[in-house]
Amino acid sequence: MKRTRTLLDDLTNPGAIRMELQPIVDLSDGGPRLYMLEALARGPRGTTMERPDVLFEYARRKGVEAQIDMICIAEALASFASLPGRSRLSVNVHSSTLASVEGFTRKVVDCATAYDVDPHRVMLEIVEHHNRWSAATFQHALAEIREAGMRIALDDLGMGASNYHLFVDCRPDHIKIDRSIVAGCSADPWRRAVLASVAGLATAVGSTAIAEGLETFADLKTLQDLGIDKVQGWLFARAMPASELAQSPFFRTPSSPDIAPGIEGERSGNAVNQHGRPVRSQEKTH
Amino acid sequence: MKRLLLIDDEETILFALDRYFSRNGFTVDCARELEEAEALAVCTSYDLVIADLSLTENGSTEGLEILRYIRRTCPAARFILLTAHATALVEHEAMRRGVDAFLHKPRPLAEIARIAATLMEGPRP
């Protein structure tokens, strides 16, 4: 018997797409401290879509990345709102979504308001795979996002279509550096050169570089030597559901959950773990 | 461990193939739609692909589209195309697109596995 129900029907069911949150850590001024949380999508358990790369590749092929993006934003805000304190949320969005969803910013702000999340605490990470958007509409959407108080990051600079052209267009507050550049940087002068270049680029325009996929102390030291002090990766914490994150040292310490001096210079907050050192991914913290 | 992509819209066939090949040393991903199969192929490098020719309605030929896509993105993968509705034209087109084996359904799992093993042992295209 042929299937009548498609995978897309399953994906758009409420609760089918789950969000996990991964801490971004600030190492400046005697850190580490929680800087921000990135929301990462997971498709239904036990399906091929549980892998986010497959989920979004499928969505792009079905031409529904905007629909899936909006579901992810709503789910991310819901997860984030369940956490105590005043951290910040970073959530991915395709540039094509900004250009194609009518009233995109208003919808995000409405959703944030519904979950009692101040839009100033939200950063949108622009993901680009294909330059299919109208530049004028895209620019208009970016201006609206800034006007609403949200921040903008450029995801995976240098990967795919996330290029200098998009960097100039977006004028991002944050630049995310992909794990493929970060992993192994301590032993590879070519990777270090790219990292130094991005760090310099960020400094030149008053932006902040964030290194993704940090897994070793050797790479951590290299990043710090290059002046990159906002990091994300299994060396500090894996992505996890909000309920699990709420029990982690990021939120469990008495002084938590205020965040590090960061985007808007708020006062510093909690240490990464109870021992005052980074936590390896394999370590359970509770 | 070898990676296998199974593509069929019929859950029972997918289930049986998945169990059989998983128990025989493969890491298996299952896809039910053209776009799902292509998304998996973008994100994963497969050693073997076993696809049904028709995924939406009798007579459709999504398997040929997947074959063309796999040949572009993962040229070293072995590709077995299964169908219950073979025509000479379709078989010719599958050969032209580089299929390694074109099998008529139903076919015993052990025989599919034997053909797959023979293909995997041979030189890569």
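Author: Two strands pair if DSSP finds at least two bridges between them. Keep that in mind as we look at this predicted model.

Reader: Thanks! Which way do β5(A) and β6(A) run, and how many bridges join them?

Author: Strand β5 (residues 151-154) of chain A runs parallel to β6(A), and two bridges join them. To find your place there, look for A:Leu154, which stands opposite A:Ile175 in β6(A).

Reader: What does β6(A) pair with over four bridges?

Author: That partner is strand β7 (residues 208-211) of chain A, again in the parallel sense. Here A:Ile175 stands opposite A:Ala209 in β7(A).

Reader: Which way do the residues of β6(A) point, and are they buried or exposed?

Author: From strand β6 (residues 174-177) of chain A, A:His174 and A:Lys176 point one way, while A:Ile175 and A:Ile177 point the other way; all are buried.

Reader: How many strands close into the barrel of chain A?

Author: Eight, in the order β1-β2-β3-β4-β5-β6-β7-β8, with mixed pairing. On average, neighbouring strands of this sheet are turned by 30 degrees against each other, direction ignored. For an antiparallel case, take β1 (residues 18-26) and β2 (residues 33-42) of chain A, which pair over nine bridges. There A:Glu20 stands opposite A:Leu40 in β2(A).

Reader: Which helix packs on the sheet, touching β6 and β7 of chain A?

Author: Helix α9 (residues 189-205) of chain A, and its direction makes about 170 degrees with that of β6(A).

Reader: And how many residues of chain B are in contact with chain A?

Author: On chain B, 15 residues contact twelve residues of chain A. α2(B) gives the most to that side of chain B, with seven residues. By class, the side has six nonpolar, one polar and eight charged residues.

Key: Residues numbered from 1 in each chain as written. Chains lettered and ligands numbered in written order. Predicted model: local features only at pLDDT ≥ 70, side-chain atom pairs only at ≥ 80, totals over all residues. Contact = placed C-beta atoms within 7 Å. Nonpolar A, V, L, I, M, F, W, Y, C, P; charged D, E, K, R; others polar. Buried ≥ 20, exposed ≤ 12 C-beta atoms within 10 Å, placed from the backbone. Axes fitted to C-alpha atoms, helices over the stretch in contact; angles between N-to-C directions.
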